[in-house]
Amino acid sequence: MINLAIIANRYANAMIEKYANQIRPEHLRVLDDIQLCHTQALGRIEYQCRDCKTLQQNYPSCGNRHCPSCQQHHNMQWLQHQQQRLLPTQYYLVTFTLPSQWRGLCYGYQKTVFNALFNSATDTLASFFNRDKQLGAQFGCCMVLHTHSRQLEFHPHVHCIVPALALDKSGKLVKQKRGRYLFNAQNLAKVFRAKMHQALTDAKLKVPRSPKSWIADCQHVGQGEKALIYLSRYLYRGVIA
């Protein structure tokens with residue numbers, strides 16, 4: 001069975017030459033790591049049976065989070081940890097997406113824009129929780145960044161798994177929202193758009209023109225477990241198997 005290390009060894013140089021103006025330094029590090037994965041270059045692990053003295057040897061993995069041969073155990077550990085933290089309430093998957101007009105800026109200034117994406121999403125949710133009569137000022141959520149679409153195009157968006165409960169301003173009383181509705185997605189998108197504009201302006205980046213209507217989504221996901229499983233698939237692994 002062919003694996004990604006074989007493909008990387010065979011085609012990496014040609015790919016680097018063709019896409020030299022698009023490849024970032026971190027991409028080159030990923031390629032280097034994948035090409036060395038499970039090879040002698042990373043050392044050797046030897047096992048010997050105490051009874052028959054049979055010696056076996058393996059080569060360690062590269063440990064890069066984008067390598068499909070690695071990180072499966074980290075995925076499972078994260079998922080188990082998050083499942084243990086699930087609360088007995090209804091959960092929602094809230095997604096904030098950057099418009100296509102912003103992807104070039106995001107690709108060039110990833111650290112700045114991704115930080116703004118997380119902060120703006122958090123501030124947007126905080127403002128809605130604050131104003132909701134059934135909820136409170138202090139909320140919690142689990143946020144995961146996805147940078148690709150199903151077609152493997154650069155498509156930055158952040159998923160937020162949000163429990164429908166919060167603490168009041170005193171931090172003592174738990175308030176819970178019943179039913180299958182949390183917030184209006186169109187209203188979330190409007191507030192998120194304004195906060196992203198302000199964040200990038202404060203960062204002194206030239207804000208590109210964008211559509212007036214941005215995309216946000218708010219879906220009821222039951223007790224939250226299935227949403228966690230969905231997000232865990234690509235959390236510590238690359239999308240190309």
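Which side chains meet in a salt bridge at 2.5 Å, N to O? Arg24 and Glu26 do. A salt bridge here is a side-chain nitrogen of Lys or Arg within 4 Å of a carboxyl oxygen of Asp or Glu.

Before I go on, two notes on the source. This is a predicted model, where local features need pLDDT of at least 70 and side-chain atom pairs count only at pLDDT 80 or more, while totals for chains, interfaces and linings use all residues. Residues are numbered from 1 along each chain as its sequence is written, and side-chain values use heavy atoms, with hydrogens and water left out.

Back to the charges. Side chains of opposite charge can pair when their charged atoms come close. The structure holds three salt bridges. In another of them, Glu46 pairs with Arg44, with the closest N and O atoms 3.2 Å apart. Glu46 counts as partly exposed because its relative accessibility is 43%; the cut-offs are under 20% for buried, over 50% for exposed and partly exposed in between, with a 1.4 Å probe and protein chains only.

Then there is Asp132 with Lys177, at 2.7 Å, N to O. This pair links distant parts of the chain, 45 residues apart: Asp132 is in the loop between helix 5 and strand 4, and Lys177 in the loop between strand 7 and helix 6. Helices (H or I, at least four residues) and strands (E, at least two) are DSSP runs, numbered from the N terminus. Both Asp132 and Lys177 are buried.

Last, helix 7, residues 225–232. Its buried residues are Ala227, Leu228, Leu231 and Ser232. Seen down the axis of helix 7, they fall within an arc of 135°, so they line one face. The arc is taken from the directions from the helix axis to the C-beta atoms.
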